[in-house]
Amino acid sequence: MAVIGATGGDPALPGAANLAPAGGLPPAGGITGARAFRRMTRAVTSNRKATAGAVLLLIFCLVAAFPGVIARDDPEAEIYPRALGPSLHHLLGTTAFGQDLFAQVVWGTRPVLLIALGAGLGTTIIATLIGVSAAYLGGVWDGVLGLIIDVLLVIPAFPLLIIIGSYLHGAGTGVMIAVITLVSWSYTARQLRAQALSLRSRDFLEAARVRGERSLYIIAVEIIPTMTSLLVASFLTNALYAVLFSSSLQFIGLGDPNVTSWGTMLYWAENNEAFQTGQALWIIVPGLCIVALGTAFALLNYAFDEIGNPALRPVRSMRGKRVKRRG
Amino acid sequence: MRFVLRRLGFFVLTLWAALTLNFFLPRLMPGNPALAAIGNHRGALSPDALKVMEAQFGVGHQNIVSSYLHYLGDVATFKFGSSLTTQPGNSVGRIVLDAIPWTLGLVGLTTVLAFVLGTGIGIVGAWRRGGRLDSIMPPIFVIMTVIPYFWIGLILILVFGVKLRWFPYFFSYDITLAPGFNLAFIGNVLEHAILPAFTLLITTIGTWILTMRNTMITTLAEDYVRMARAKGLPGRRIMLDYAARNAILPNLTGFAMSLGFVVGGAILIEEVFNYQGVGYLLLQAVNNTDYPLMQALFLLITVAVLVAILFSDVATAILDPRTRGAT
């Protein structure tokens, strides 16, 4: 568990290429990496949805990286008059504890983003390892790993997260990443396994085998690069789910109550009956932030889906024809 | 027949996995918190219940293998022990049975409604591809999938409950009323169900719309649809009898599956509206560290999902002959 948590934000991992369209990080290296990176940049800039998603995500990354520049107040300090309305000093007002709401929202970005990127990366890596090995190794291995994937797939994820969370008493960022990763890798693993199975008898793999390459080399260099679009989709989907899962867990009080995060803000707001006491912003703003971050991931994902599956692209050019036919 | 047997085998295996997870989770956690909780409430428990829970959570220093077998036997005979804190001393089975009808009524009916409405909108959207409905749907869907359920509930409470005062938003009926089969009480229950049901509806309907739309678009490109057009059949007939009839299959299996998620699918919505169903009970158990109740609810939620998946597999095999040979 700890290992996954620790590797969460490490850009040197192979899966980091997935971050490239969003964060503008350099590709993981190699010719295929560079080509994939160029292809992705082109895809992002040519698709309106993707551009919007990438810009939104970039903004959140900047806020998470430099929260102190944007909000000078200490998000934890309970030093202001309580339950103030919005003003120039407190852009969004203060909480029932006398904390600055704007500072809380800004500083709360970092844990959410860390969880999203960490769990997105973690799930994709575990799913790739297990899904692709199952397909490549075949036989008994495939049977056992496939069964584990299927069993985990049907056990309801959110209730399981609640149960684990209740035993942990306040999950911090690292634990949150680990738990969400462990519970949600199976769906992607199944997709990747199916994809890898369809590749198994292709000639280029046969060629690699005849050349006498090791299994690890074949999996890492020959199989995985063909699945780039699936991996990107997996990363984005899992990051989105991690945002929703972690916020939900924090909202019901299973997060670490001392970490300022959008979900915990909602928890405290709900506990202090923010609506009834006229502090609606305390609930509205963190929620909107969750929605905006989720939208960034969803837009990127939607755009990549359109790029990969031409049938789903908008049909502007066909419209003229259809009108003619109807008329 | 072989297919059904294989699915049944998978059902039993997954059930066993869920039970084993339930058994080992508290033991894996640092300090076995369940043990402490039971120790604190020892006095309030009947000897029978205590025995059940000793096996489940490892009170005393029994052999783990014999505890495990004992636990499996207890579950098979529906012995789940008694509640520690939520309703101290009451049998867990009794408490759960009281909560089930509320969840089935609220979440079950809303799920059916969402399926019917969503599928209908999806059919029309795909048929009039590029039209007004079709062009506003996908962006709305993107937004809807990224909003946390509970937050939509909170916002609806703010607008329609606190500000406009149109609907009640606390509990499933007015506590001052005596429950009974009279118009006043039933009307009151319905009134209390409006906001949570609406929340659930708008959060779940998007999936139905989008799945239906996308399958329908693929189906509309099939030769037999073109043939129907060439024959000059009326548009309505092509839309419903030729395209929708074939495209609805994924939605139907999805529907069978979603019925399984009725029991545990609206945990946070029940929590936000203090609606006393299974999900609300689960979170109460979590907040009160009432581990026996919590574990039984998790099991119930898992079993509901497993049964639904079994049904949907069998239904697919009956409805779509192509799948029989596959898995």
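In chain A, helix α15 is followed by A:Glu273, whose phi is positive, near 50°. The model is predicted. Chain A has 17 helices and zero strands, while chain B has 14 helices and zero strands. The contact between the chains takes 36 residues from chain A and 41 residues from chain B.

**Confidence in chain A**

- The mean pLDDT of chain A is 80, and 82% of the residues of chain A reach 70 or more.
- Over residues 1-30 of chain A, pLDDT stays under 50; the model has 58 contacts beyond four places in sequence for this stretch.
- Residues 317-327 of chain A also have pLDDT under 50 throughout, and the model gives that stretch one contact beyond four places in sequence.

**Chain A as a whole**

- Chain A has 327 residues, of which 48% count as buried.
- Among the contacts in chain A with a separation of 6 or more, 68% are between residues 24 or more positions apart.

- Helix α15 of chain A covers residues 262-271.
- Eight of the 10 residues of α15(A) are buried, so this helix is largely enclosed by the rest of the structure.
- The buried residues of α15(A) are A:Trp262, A:Gly263, A:Thr264, A:Met265, A:Leu266, A:Tyr267, A:Trp268 and A:Ala269.
- A:Gly255 lies in the loop between α14 and α15 of chain A.
- Why does A:Gly255 count as buried? There are 27 other C-beta atoms within 10 Å of A:Gly255, and the cut-off for a buried residue is 20 or more.
- Not counting residues up to four places away in sequence, A:Gly255 touches A:Gly170, A:Ala171, A:Met176, A:Leu249, A:Gln250, A:Ser261, A:Gly263 and A:Thr264.
- A:Gly255 and A:Ile115 are 140 residues apart along the chain, and their C-alpha atoms are separated by 12 Å.

**Where chain A touches chain B**

- The contact is made by 36 residues from chain A and 41 residues from chain B.
- Four helices of chain A each supply at least two residues of the side that touches chain B: α8 (139-154), α9 (157-168), α14 (228-251) and α16 (280-308).
- Which helix gives the most to this side of chain A? That helix is α16(A), with 10 residues.
- By class, the side of chain A that touches chain B has 26 nonpolar, eight polar and two charged residues.

**The largest nonpolar core**

- The largest nonpolar core has 179 residues.
- The residues with the most contacts inside this core are A:Ala116, A:Leu161, A:Ala239, B:Leu282 and B:Leu297.
- Helix α16(A) gives the most to this core, with 16 residues.
- Leaving aside neighbours within four places in sequence, B:Leu297 is in contact with B:Val96, B:Val278, B:Leu281, B:Leu282 and B:Ala285.

**Chain B as a whole**

- Read along the sequence, chain B follows the pattern α-α-α-α-α-α-α-α-α-α-α-α-α-α.
- The C-alpha atoms of chain B fill a box of roughly 80 × 55 × 40 Å, taken along the principal axes.
- Of the 327 residues of chain B, 42% count as buried.
- For contacts in chain B with a separation of 6 or more, 72% come from residues 24 or more positions apart.

**Two packed helices in chain B**

- Two packed helices are described by the angle between their axes and the distance between the axes.
- Helix α8 (residues 183-220) and helix α11 (residues 249-260) of chain B pack at an angle of about 155°, with their axes 8 Å apart. That makes α8(B) roughly antiparallel to α11(B), because angles over 145 degrees count as roughly antiparallel.
- B:Trp208, B:Thr211, B:Met212 and B:Thr215 in α8(B) meet B:Pro250, B:Asn251 and B:Gly254 in α11(B).
- The residues of this contact divide into three nonpolar, four polar and no charged.

- B:Thr145 is found in helix α6 (residues 132-146) of chain B.
- With 19 other C-beta atoms within 10 Å, B:Thr145 is partly exposed.
- Leaving aside neighbours within four places in sequence, B:Thr145 is in contact with A:Ala298 and B:Gly206.
- B:Thr145 and B:Arg236 are 91 residues apart in sequence and 30 Å apart in space, C-alpha to C-alpha.

Methods:
Residues numbered from 1 in each chain as written. Chains lettered and ligands numbered in written order. Predicted model: local features only at pLDDT ≥ 70, side-chain atom pairs only at ≥ 80, totals over all residues. Contact = placed C-beta atoms within 7 Å. Nonpolar A, V, L, I, M, F, W, Y, C, P; charged D, E, K, R; others polar. Buried ≥ 20, exposed ≤ 12 C-beta atoms within 10 Å, placed from the backbone. pLDDT = per-residue confidence, 0-100. Axes fitted to C-alpha atoms, helices over the stretch in contact; angles between N-to-C directions. Parallel < 35°, antiparallel > 145°, perpendicular 65-115°, else oblique. Core = buried A, V, L, I, M, F, W, Y, C linked by C-beta atoms within 7 Å.
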